[in-house]
Amino acid sequence: MSNYVELRVRKFGGIVVEYGDQGIMLDPTRNTHSYPTFVSHAHSDHSAAFKHPGREKYATQETFDLLEVMGWKRLGGLKPIKVGDTVKIDDIEVKVHNAGHVLGSVEFEINTPEGTVLYTGDLCTEDTFTMDPATKVDCDILVIETTFGAPMFNFPKRADVAVEIYQWAVNTVLQGRIPTFKTDSIGNAQEVISILNQYTNLPVVTNKSATRVTELYRSKGYNLDSVDADSDEGKDLLDSGKCAIITPKGSKPFRTNQEIALTSGWATIMGRKRVAFPLSDHADYKGLMGFIRGVKPKRVLTFHGGNFTKDFHNHVRKTLGIAAAPLTARIETISGPKMSNEARINACSRQIIRTIRIPGFIYQPAWLVKEMSRQGFTSNETENSIDYLIERGVLKGTPDGVKLT
Ligand SMILES: [Zn+2]
Ligand SMILES: [Zn+2]
């Protein structure tokens, strides 16, 4: 039972949005809450809830189908949603919008009597060869990803990158080598196929999961022309050398005359040592800033950043004048963070350590919450303490719970 009535957001094995005694869970990475669960898209850092077939998940059919073609087993519990849908959970109403990132990717607009939270998942803010830009939705609290949230990530115009890509591909073939694009199987693979289809006559050969995902895009109405590397036609094309290859990032070369290029937002900072094209299905710095300006939030909470982007919230504050902070286990409200009592968290953490004693045994957070409530700690205090102990390396989060490190 919660101590608070107002709208609150925090991170606890995923993103938790609560209002009164109700709550929802967005893109959980651990099995922490029994709250209704929403999954934004198929990339594995967002879709881990699908490892629990018994748990119901609101997600698009495309997200589910992508996981299936990526080889996920025991998929179940899908509650299909699509852009434009609204899901009502008592006082909380969740609206589904396009996120512009990959096939089936969505943002969630969470409306409560007190205000609105917008959760972007991963987003792309510009028109791409395969997706429409992320929808801008007015909100009070914006929870936004910041993968490329630093000024040095300033992507060139997509049309210019497309020219570079097809010119390099054609020139490479003219030199007797096969241009090979190492890409994410979901998203960038289909972007590059689209570019080559549109601007060249080069046949495109796909490999492994790039083939399966592209087939799925086709079945959803995308006009993408490519053949699989293991098909007769694919083998003939590879023998002739007059084609381009799209292959997953981690895959090994399978022909001796391949010329490798990488397509990724990270190309922006990779220097000139290797061939790399800054093509991304994420927003860059100015894309993120423009999006934030467009949705007019009172408070911005960031997630998904790395070392490069740890100052993004400061940029938001300075350039846009909007309160911003990284999303942590701390409870956030429209008016600001709720400071948890440090002495209480320390006492609760000590109690948890006394309770978790069996090495290797996985403890369910819900069970710990119950145990700690007997000692007088609230569920928020217990959950904050669990995260505190994970951050300090005392506990380790697993898909099913926590254990001693
Ligand atoms: Zn993603
Ligand atoms: Zn992501």
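Reader: Why are α8 and α10 called roughly perpendicular to each other?

Author: Helix α8 (residues 342-355) and helix α10 (residues 379-391) pack at about 75 degrees, with their axes 9 Å apart. Axes are lines fitted to C-alpha atoms, for helices over the stretch in contact, and angles run from 0 to 180 degrees between N-to-C directions. Angles of 65 to 115 degrees count as roughly perpendicular (under 35 is roughly parallel, over 145 roughly antiparallel, the rest oblique), so α8 and α10 are roughly perpendicular. This is a predicted model: local features need pLDDT of at least 70, side-chain atom pairs count only at pLDDT 80 or more, and totals for chains, interfaces and linings use all residues. Residues are numbered from 1 along each chain as its sequence is written, while chains are lettered from A and ligands numbered from 1 in the order in which they are written.

Reader: What makes the contact between α8 and α10?

Author: Among the residues involved are Ile345 and Ile352 of α8 and Tyr388 and Leu389 of α10; contact requires C-beta atoms, placed from the backbone, within 7 Å.

Reader: How do you know that β9 pairs with β10?

Author: Pairing needs at least two bridges found by DSSP, and 5 bridges join β9 (residues 106-112) to β10 (residues 115-119), which run antiparallel. Thr112 stands opposite Gly115 in β10.

Reader: Why do β7 and β19 stand at the edges?

Author: The open sheet of 7 strands has the order β7-β8-β9-β10-β11-β18-β19. β7 (86-89) and β19 (323-326) each have a single partner strand, so one side of each lacks a neighbour in the sheet.

Key: Helix = DSSP H or I, 4+ residues; strand = E, 2+ residues; numbered from the N terminus. Contact = placed C-beta atoms within 7 Å.
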